[in-house]
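Here are some friendly notes to read with the model open beside you. Take the points in order, and look up each residue as you reach it.

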Amino acid sequence: MSVGVVIVAAGRGLRLGGPVPKQFLDVGGLTILRRSVESFDRQASVDEIVVVLPPDLVADGADRVGATRRPCRVVAGGERRQDSVRLGLEALSPDVDVVLVHDAARPFVDDGLIDRVIQGAREHGVVVPAVPVRDTVKRVPPGESVVSETIARDEIWLAQTPQGFRRAIIAEAAVLGADAATATDDVSLAERLGHAVRVVPGNERNIKVTTEDDLNAARAAFAPAPRVGTGYDLHRLVEGRSLVLAGVVIPFDKGPLGHSDGDVVCHALVDAMLGGAGAGDIGQHFPNTDPRWKGAPGLDLLARANAVVASSGWAVASVDVTVVLERPKLAPHLAAIRQAIADVIDVPVDGISVKGKTNEGVDAVGRGEAIASHAVAVLTRRRA
Ligand code: MG
């Protein structure tokens, strides 16, 4: 017994506005198509997958589908949905005896639903997952705006995918579908052939992404959790150096000793941002053994770290920085420091917090021999 899945992604589905068919829109870092493929690829009970794409997109189809654990073929679709399903079926191995047909635009399909459909197809021959309607259902004749009838709600079920078939039955339905009028789902062809189509419980979450609201809901549901990074820096304070924090020069008789400009705000922030992105640390990207970084302005390192964060697929959402310094008072300079950071990492200034703190005379910082800074950065995933 071998299970094959045909994922239909051949629609042009431009209802969502943009030039990109909806199955290729990004939801939380992966396309809707990839999420649908992944839902089946992770099932031990699935043996192979065929993805049906618009003919002009088959050439780079493997890239669009991505790497899979199970054998996965990409084929060109036909004019109508039922033509695409037939072409997908023809690409399944001969030993496949249970076939699932799934809309690529349903990325929320879950493991339990897939199991129910596979078991149901084995036992009953043809199954459709469906959910009962909750709203009262009215009939309104086409082109009119007056209700002609209230339909008994307990007879109405909303069909979903994947729909499941013994292979012999879907092969028969495909032959009918080649000549028949357009069918909006696959089991309806089996119904016309007189097969008993059994309902298995669907899932309310298994929506077909059709409208802008659906797309937003899908993006919210798949949004990865934000990430957090922390950073810390300390420099000795010596005479003859200027005190610079996020590029802002603070009038004082001492400044940080260091290979670079000793900008502790930027250095702590760089580590927080790189840490949040899982992209190493300041010493790895800007080693102090490299003459390129001698005297490098902190804001320059901050801008470079921000580019590393972006290329890792993340974006800074907010930062919080504490500067620990006995003298001078930082309060008059905090607004300028926040604005300088905001300008470089492209975060609204209300997402940039900078606080000054003394060390109550304790330790080297308290004795005015050093300046330290702590930073936290919150990162969110960038949309591909
Ligand atoms: Mg430093």
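Which backbone nitrogen does the side chain of glutamine 163 reach at 3.1 Å? Point 2 has the answer.

1. First, some ground rules. This is a predicted model, in which local features need pLDDT of at least 70 and side-chain atom pairs count only at pLDDT 80 or more, while totals for chains, interfaces and linings use all residues. Residues are numbered from 1 along each chain as its sequence is written, and side-chain values use heavy atoms, with hydrogens and water left out.

2. Now back to the question. The side chain of glutamine 163 reaches the backbone nitrogen of aspartate 186 at 3.1 Å, and that of valine 187 at 3.0 Å. Both are polar contacts: pairs of N or O atoms within 3.5 Å, where within protein one must be able to donate a hydrogen and the other to accept it, and residues adjacent in sequence count only if both atoms are side-chain atoms. Glutamine 163 sits in strand E11. Helices (H or I, at least four residues) and strands (E, at least two) are DSSP runs, numbered from the N terminus.

3. Is glutamine 163 buried or exposed? With a relative accessible area of 1%, glutamine 163 is buried. Buried means under 20% relative accessible area, exposed over 50%, and partly exposed in between, using a 1.4 Å probe and protein chains only. Leaving aside neighbours within four places in sequence, the residues in contact with glutamine 163 include Val99, Val117, Val128 and Asp185. Contact here means heavy atoms within 4.5 Å.

4. The peptide bond from threonine 161 to proline 162 is cis, with omega near 10 degrees, and proline 162 lies in the loop between strand E10 (157-159) and E11. Proline 328 belongs to the loop between strand E17 (314-324) and helix H11 (334-345). These bonds deserve a look because most peptide bonds are trans.

5. Next, follow helix H4 (residues 111-124). Its 14 residues reach 20 Å from first C-alpha to last, close to the 20 Å expected at 1.5 Å a residue. The expected span is 1.5 Å times one less than the number of residues. At the N-terminal end, aspartate 110 caps H4, with a side-chain oxygen 3.2 Å from the backbone nitrogen of glycine 112. After H4 comes glycine 125, whose phi is positive, near 100 degrees.

6. Which residues of H4 are buried? They are Leu113, Ile114, Val117, Ile118, Gly120 and Ala121. Seen down the axis of H4, these buried residues fall within an arc of 165 degrees, so they line one face of the helix. The arc is that of the directions from the helix axis to the C-beta atoms. Among the elements covering them are strand E1 (3-8), helix H1 (32-41) and strand E11 (163-166).

7. Histidine 235 counts as buried at 12% relative accessibility, and histidine 267 counts as buried at 6%.

8. Helix H8 is mostly covered, with 12 of its 13 residues buried. H8 reaches 18 Å from its first C-alpha to its last, close to the 18 Å expected. Just after H8, glycine 278 takes a positive phi of about 65 degrees.

9. Finally, check two aspartates. Phi of aspartate 346 is near 60 degrees, a positive value in a residue other than glycine. Aspartate 346 is found in the loop between H11 and strand E18 (352-357), and is exposed, with a relative accessible area of 69%. Aspartate 363 also has a positive phi, near 65 degrees, and lies in helix H12 (residues 363-366).
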